[in-house]
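This briefing sets out selected features of one protein model, grouped by topic. Please read it alongside the sequence and the coordinates.

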Amino acid sequence: KKFYGILVALNILLIGTLFFPMEANANEPVVIVIDPGHGGENLGGDYGDYIEKEMNMVVARAMKEELEKYEQVIVYLTHEVDVDMSLEERADFAREKNADFLFCLHFNLSVNHDFFGAEVWVPAGGEYYAKGYSFAQIQMEELTGIGLYSRGIKTRLNNKGDNYYGILRHCSNKQIPSVLIEHCHLDHEKDQKFYMQGEEQLKEFGRLDATAVAKYFRLKSETLGVDYSDYVVPETALPE
């Protein structure tokens, strides 16, 4: 009977480790690192009058400002001025800050200008996939809530079988959960209504991103009058 009881306890413990929703620890603040994609000589997407690196920074600052209205959270940007910064340096920065999660912000373009909508890229394996996918479901709800088409939650591997996107690869190697958010496409008319009406629209993306993070970590804010302590974070099983 004693041996059977031990087996049952181990099974319960194992099941509990299959899913990775996150929540804030009452005694320790959540540490968030926001990475505005591109910078310096790397413009990112360049379409019409719009430069992606500049848009990413506007969204990132608004996301940081919104998140800092919540309790028990510390927020950093990987860079606050327009500089060249390698993907590994960004992951190193998050590691130095003991980040609980890194969120990499982008806008998209397609080769033939025929894609539209938002998508979230998550690490391809293990607990970082599970954590990323759970968050991405919340993020996509926020983005589709304003009318964007969902292009899905995705993973991609390089020819070495590792994460294709460097920021996800370096963060996973340094044991930091991460996702890459593509808010919409700059080169398709169906998405242009979501960003072409001025800087305030870009800031709204940042506030939506912050709300997704607050829900994922079950944060609360007296300033905003919201409490996500009981928010049900989607469960994602570890991939086989």
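The model is predicted, so local features need pLDDT of at least 70 and side-chain atom pairs count only at pLDDT 80 or more, whereas totals for chains, interfaces and linings use all residues. Residues are numbered from 1 along each chain as its sequence is written, and side-chain values use heavy atoms, with hydrogens and water left out.

**Helix α5**

- Helix α5 (residues 166–173) is largely enclosed by the rest of the structure, because six of its eight residues are buried; buried means under 20% relative accessible area, exposed over 50%, and partly exposed in between (1.4 Å probe, protein chains only).
- The buried residues of α5 are Gly166, Ile167, Leu168, His170, Cys171 and Ser172.
- These buried residues pack against β1 (30–36), α3 (87–96), β5, β6, α4 (126–145) and β8, where contact means heavy atoms within 4.5 Å.
- Helix α5 lies across β1, β5, β6 and β8, and runs at about 165° to β8; axes are lines fitted to C-alpha atoms, for helices over the stretch in contact, and angles run from 0 to 180 degrees between N-to-C directions.

**The sheet**

- Six strands form an open sheet with mixed pairing, in the order β4-β1-β5-β8-β6-β7; two strands pair if DSSP finds at least two bridges between them.
- At the edges are β4 (73–77) and β7 (150–154), each of which pairs on one side only.
- On average, neighbouring strands of this sheet are turned by 15° against each other, direction ignored.
- Strands β1 and β4 pair in the parallel sense over five bridges, and Val33 stands opposite Tyr76 in β4.
- Helix α4 lies across β5, β6, β7 and β8, and its direction is at about 170° to that of β7.

**Strand β8 and its partners**

- Strand β8 (residues 178–185) is mostly covered, with eight of its eight residues buried.
- With strand β5 (residues 101–108), β8 pairs in the parallel sense over six bridges; Cys104 stands opposite Leu180 in β8.
- With strand β6 (residues 118–121), β8 pairs in the antiparallel sense over three bridges; the bridge partner of Glu119 in β8 is Glu182.

**Cysteines**

- The count of disulfides is zero, a disulfide being a pair of cysteine sulfur atoms within 2.5 Å.
- The closest cysteine sulfur to that of Cys104 is in Cys171, at 8.1 Å, which is too far for a bond.
- Cys104 is buried at 2% relative accessibility, and Cys184 is buried with a relative accessible area of 0%.

**Helix α2**

- Helix α2 (residues 52–67) has 16 residues and reaches 22 Å from its first C-alpha to its last, close to the 22 Å expected at 1.5 Å a residue; the expected span is 1.5 Å times one less than the number of residues.
- Because 13 of its 16 residues are buried, α2 is largely enclosed by the rest of the structure.

**Salt bridges**

- The structure holds 13 salt bridges, each defined as a side-chain nitrogen of Lys or Arg within 4 Å of a carboxyl oxygen of Asp or Glu.
- Glu68 forms a salt bridge with Lys64, with the closest N and O atoms 2.7 Å apart; Glu68 is partly exposed at a relative accessible area of 42%, while Lys64 counts as buried at 18%.
- Lys69 forms a salt bridge with Glu66, with the closest N and O atoms 3.4 Å apart; Lys69 is partly exposed at 31% relative accessible area, while Glu66 is buried at 10%.
- Lys215 forms a salt bridge with Glu142, with the closest N and O atoms 2.7 Å apart.
- This pair links distant parts of the chain, since Lys215 in helix α7 (residues 199–216) and Glu142 in helix α4 are 73 residues apart.
- Lys215 is buried, with a relative accessible area of 15%, and Glu142 is buried, with 13%.
- A network of salt bridges links Glu88, Asp92 and Lys174.

Note on methods: Helices (H or I, at least four residues) and strands (E, at least two) are DSSP runs, numbered from the N terminus.
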